[in-house]
Amino acid sequence: FAPDSFTVVAGSQAGGSLTSLTADDGNRLVVTGRPRAELVASKTIPGPLGGLSRLRIDFDGHAGASRDNFTLLVFDVVAGSWQTLYGPTNGVVSDRRLSFELANPSRYVSAAGQVRFAVRGEHKKGTTVRVDLVSFTIER
């Protein structure tokens, strides 16, 4: 499933749109910021929430410069905090295709059925994140 929405939580949107996240096609959602650029992509799971057996998040994108710290996170509803899936690391300046299989999928789904995934870039001189794909795979 593609995200239902996204929110820029740090920085500003410099290009692309929600549809930029739906396919690995080079059409990117771009967020810039100083010292941080961050967006949160969200998906509300259709149907009943019980009995989830699988939650996978697929990502394709990169940071604007090799100096930038690049981090991917998912919101853990049970802990009430963001869990790091990848990073922070630097040198991610070309598209990086990553998949994350999440154990205990219900930990990451809110009572309203929402899953949240964050893409963060950080550097004191400013940073850019470019996101080509965010996809949620759900199985019951």
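Let us start with N104, which counts as exposed at 53% relative accessibility. Here, exposed means over 50% relative accessible area, buried means under 20%, and partly exposed lies in between, using a 1.4 Å probe and protein chains only. N104 is found in the loop between β8 (96-101) and β9 (114-122). Its backbone has a positive phi of about 50 degrees, although N104 is not a glycine.

A word on the model before going on. It is a predicted one, in which local features need pLDDT of at least 70 and side-chain atom pairs count only at pLDDT 80 or more, while totals for chains, interfaces and linings use all residues. Residues are numbered from 1 along each chain as its sequence is written, and side-chain values use heavy atoms, with hydrogens and water left out. Helices (H or I, at least four residues) and strands (E, at least two) are DSSP runs, numbered from the N terminus.

Now turn to T128, in strand β10 (residues 127-139). With a relative accessible area of 14%, T128 is buried. Which residues does T128 contact, leaving aside its neighbours within four places in sequence? They are V30, V31, T32, H62, A63, G64 and D68, where contact means heavy atoms within 4.5 Å.

Two prolines complete the tour. The peptide bond from R34 to P35 is cis, with omega near 10 degrees, and P35 is found in the loop between β3 (29-33) and β4 (36-44). The peptide bond from G87 to P88 is also cis, with omega near 0 degrees, and P88 lies in strand β7 (residues 81-89).
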